[in-house]
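This briefing covers salt bridges and nonpolar cores. The model is shown first, and the notes follow by topic.

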Amino acid sequence: MTDDAYLVLLPGTAHALGVPPAAVGDLACMETPAVQAWLQAQGVTADSPDLRLVPPEETAAVPEDAERLPVPLGDEELSRLRHHTAPPDLARLEDELLAYRSCTDGRNALLTRALAAGVPAHRVAELTGEDLATVKAATG
C-alpha cells in the first residue's frame, strides 16, 4: 500500500474502482504541471469518463497494466475521496461521524454503531477527531 492516491485510466471497463476526480471537488493536484502533462500524454482531459481517482488503500486493486500516476492529496481532499468511495450506508454513517465533532450526545453509541457497521477504527478517529485509543475503547 502507498500513501498516495492514484489517478488511473480504466478505458472500456466497469468503473467500480475509485471515483471521477470531479466528484471529489477541487483538488490542488489536478492543476499541477505533472498531472497536466500526464493527462496530455495520455490524450485525456480531467473530465474523461475513463479517469478515476483511487484512494491509497485501494491501489492494490488497480490493474497492473493500467496507466497510473501517484498524486499527493491533502488531509481534507483525502477525506472527501474516501467519503465518495465508501458504500452508501457507510457514507451516511460517515456523515454522522463528521457531524459528531459538534456534539457529544450519543457519542459511545455512535462510535459503537460505526465500528459494528465496518467503518475502520482509524477512519472513525479521523472523521470524529477522537483519539484512536478512545475509539477502540468504545467497543469494549
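**Salt bridges and cores**

Arg-80 and Glu-76 form a salt bridge, with the closest N and O atoms 3.5 Å apart. The model is a predicted one, and the structure holds five salt bridges.

Pair within helix 2
- Arg-80 and Glu-76 are four residues apart in helix 2, so about one helical turn separates them.
- Arg-80 is partly exposed because its relative accessible area is 24%, whereas Glu-76, at 53%, is exposed.

Network around Arg-82
- Salt bridges link Glu-57, Arg-82, Arg-123 and Glu-126 in a network.
- Between Glu-57 and Arg-82, the closest N and O atoms of the salt bridge are 2.9 Å apart.
- This pair links distant parts of the chain, 25 residues apart: Glu-57 is in the loop between strand 2 and strand 3, and Arg-82 is in helix 2.
- Arg-82 counts as buried at 15% relative accessibility, while Glu-57 counts as partly exposed at 39%.
- Arg-82 also forms a salt bridge with Glu-126, where the closest N and O atoms are 3.2 Å apart.
- Glu-126 lies in helix 5 (residues 121-128) and Arg-82 in helix 2, so their pair ties together parts 44 residues apart in sequence.
- Glu-126 has a relative accessible area of 28% and is therefore partly exposed.

Nonpolar cores
- The largest nonpolar core has 19 residues, and Leu-7, Met-30 and Leu-53 are among those with the most contacts inside it.
- At least two residues of this core come from each of strand 1 (5-9), helix 1 (33-42), strand 2 (51-54), strand 3 (67-71) and helix 2 (75-85).
- A second, separate core has 16 residues, including Val-119, Val-124, Ala-125 and Ala-138.

How values were computed. Residues are numbered from 1 along each chain as its sequence is written. This is a predicted model: local features need pLDDT of at least 70, side-chain atom pairs count only at pLDDT 80 or more; totals for chains, interfaces and linings use all residues. Side-chain values use heavy atoms; hydrogens and water are left out. A nonpolar core is a set of buried Ala, Val, Leu, Ile, Met, Phe, Trp, Tyr and Cys residues joined through side-chain atoms within 4.5 Å. Buried means under 20% relative accessible area, exposed over 50%, partly exposed in between (1.4 Å probe, protein chains only). A salt bridge is a side-chain nitrogen of Lys or Arg within 4 Å of a carboxyl oxygen of Asp or Glu.
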